[in-house]
Amino acid sequence: MSHLDHTPSTPGKFKMDKSAYPYHGGRLRWHSSLAKLTFWSFVFTSSATTTTSSSSRFHSDPSRRSLRTSSWGGPAWEKKVQTSARIRSRNGFSVLVTGAAGFVGTHVSAALKRRGDGVLGLDNFNDYYDPTLKRARQELLERSGVFIVEGDINDAALLKKLFQVVPFTHVMHLAAQAGVRYAMQNPSSYVHSNVAGFVSLLEVCKEATSQPAIVWASSSSVYGLNTKVPFSEKDKTDQPASLYAATKKAGEEIAHTYNHIYGLSLTGLRFFTVYGPWGRPDMAYFFFTKDILNGKSIPIFEGENHGTVARDFTYIDDIVKGCLGALDTAQKSTGSGGKKKGPAQLRVFNLGNTSPVPVTNLVTILERILKVKAKRNVMKLPRNGDVQFTHANISLAHRELGYKPTTDLQAGLKKFVRWYLNYYSAAGKKADAR
């Protein structure tokens, strides 16, 4: 069990909406075509003109309004950066983790720190979901010695400064605009973070005197409308079903380009529906738990002709093992100062659980754990980018990374619910006391 499961939030740091919670107490074969190049060119060029929809729940693009990096710099700041990134084990790595205050980023950063690697976090703390949860994760990491720099991956000056202060051996790039449905409300945030942000990071990495090896988060969403199961890394990924998927696919093409031209070592990880303690509130298992406890109805989607909607739910500890395995097996980049000196490693892996579970079964498990009957509202799967099922073939990751998931959905949800009740109970009690 991860030590993060039961780590309580720091008292006095939360302003919770108490009414919302009842508890106050190998190398990839890359395909190319003129049509695809035209499509990605459109994605890139549209980023300059796309604006936030008036229907957005935010006042402006969250990725842009969170670009607050003017306070960085100075001797004290540099000392914090160097101390956090200092390697404390033999043959350890010095790792820059982008999106460190995110769900996966927090768990990966903590795991790296525990084994003695140097870890420096970077996060812009945008408000796509409740920033207080991100701040709680930040406090958790700071207690373990991980400093998170507040800044945006599109801030080239900040990134260059970080690489001047610390000669990172590896980058774990997890920063991204997540979520499938939100892309219909705020498409520019996806291009800003997932495309432009990735390029910004790679530009700095390629110019380093000693280029770092890079592991980055792609997504199972790249399989899009593919109907062949289980999904294999050899399958085509040229039919994205959402803008989010398209930006992740664009990332894979961008990775190929920087590997080919500059000799950067790049490993992409296609995550399959990650869940667990400290998770994202926009994920179904998370808001199902909240709504079941509040007696609210929850949407249960079904496909055409009452088809089952299923996901390959993957517990966070298993994902962390895959991430560390990718870092440990990543070969060194071959370039220096923007010049390639030889072929470099380029890989992509599925990280899933290999056991798709119908969403109806997920709800049944939550009902048993919570001891509360859910109010189910069955409806058709909306045409908003969601796909009907995901199923990972992980044979390549097993062979190359030693990846082997060990947590089934029931065991993982028990750990999540335990954390959920502890976290929101502690936050609610402190809010009551103020």
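## Helix H8 and the sheet

In this predicted model, helix H8 lies across strands S5, S6 and S11, running at about 170° to S5. Helices (DSSP runs of H or I, at least four residues) and strands (runs of E, at least two) are numbered from the N terminus, contact means heavy atoms within 4.5 Å, and angles, from 0 to 180 degrees, are taken between N-to-C directions of axes fitted to C-alpha atoms, for helices over the stretch in contact.

The open sheet to which S5, S6 and S11 belong is formed by seven strands in the order S3-S2-S1-S4-S5-S6-S11, and the pairing is parallel. Two strands pair if DSSP finds at least two bridges between them. At the edges stand strand S3 (147–150) and strand S11 (346–351), each of which pairs on one side only, while the twist from one strand to the next averages 20°. Strand S5 (residues 213–217) and strand S6 (residues 266–271) run parallel and are joined by four bridges; for Ile214, the bridge partner in S6 is Leu266.

## Helices H7 and H8

Helix H8 (residues 243–262) also packs with helix H7 (residues 187–207), at an angle of about 15° and with the two axes 10 Å apart. H7 and H8 are therefore roughly parallel to each other, a term that covers angles under 35 degrees, with over 145 counted as roughly antiparallel, 65 to 115 as roughly perpendicular and the rest as oblique. The crossing of H7 and H8 is right-handed, meaning that the near helix is turned clockwise from the far one by less than a right angle.

On the H7 side, the residues making the contact include Pro187, Tyr190, Val191, Phe198 and Lys206, and on the H8 side they include Leu243, Tyr244, Ile254, Tyr258 and Tyr262. By class, the contact of H7 with H8 holds 14 nonpolar, three polar and three charged residues, where Ala, Val, Leu, Ile, Met, Phe, Trp, Tyr, Cys and Pro count as nonpolar, Asp, Glu, Lys and Arg as charged, and the others, Gly among them, as polar.

## Two further helix pairs

Helix H3 (residues 75–85) packs with helix H6 (residues 156–165) at an angle of about 65°, their axes lying 10 Å apart, and that makes H3 roughly perpendicular to H6. H3 passes H6 in a right-handed crossing. In this contact, Trp77, Glu78, Val81 and Gln82 of H3 meet Leu158, Lys161, Leu162 and Val165 of H6, a group that divides into five nonpolar, one polar and two charged residues.

For helix H4 (residues 103–114) and helix H5 (residues 131–143), the axes come within 10 Å and cross at roughly 5°, so H4 and H5 are roughly parallel to each other. Phe103, Thr106, Ser109 and Ala110 of H4 meet Arg137, Leu140 and Leu141 of H5, and by class this contact has four nonpolar, two polar and one charged residue.

## Individual residues

The peptide bond from Val229 to Pro230 is cis, with omega near -10°, and Pro230 lies in the loop between S5 and H8. Thr354, a residue other than glycine, has a positive phi near 70°, and this residue is placed in the loop between S11 and strand S12 (357–358).

Val378 lies in strand S13 (residues 375–380). The C-alpha atoms of Val378 and Ile298 are separated by 8.4 Å, although these residues are 80 residues apart along the chain. When residues up to four places away in sequence are not counted, Val378 touches Ile300 and Glu302.

## Confidence and conventions

The pLDDT, which is the predictor's confidence in each residue on a scale from 0 to 100, averages 85 for the protein chain, and 79% of the residues score at least 70. Over residues 6–60 the pLDDT is below 50, and this stretch has 105 contacts in the model beyond near neighbours in sequence. Residues 62–69 also stay under 50, and for them the model has 31 contacts beyond four places in sequence. Where pLDDT is low, the predicted coordinates should not be read in detail.

Residues are numbered from 1 along each chain as its sequence is written, and side-chain values use heavy atoms, with hydrogens and water left out. In this predicted model, local features need pLDDT of at least 70 and side-chain atom pairs count only at pLDDT 80 or more, whereas totals for chains, interfaces and linings use all residues.
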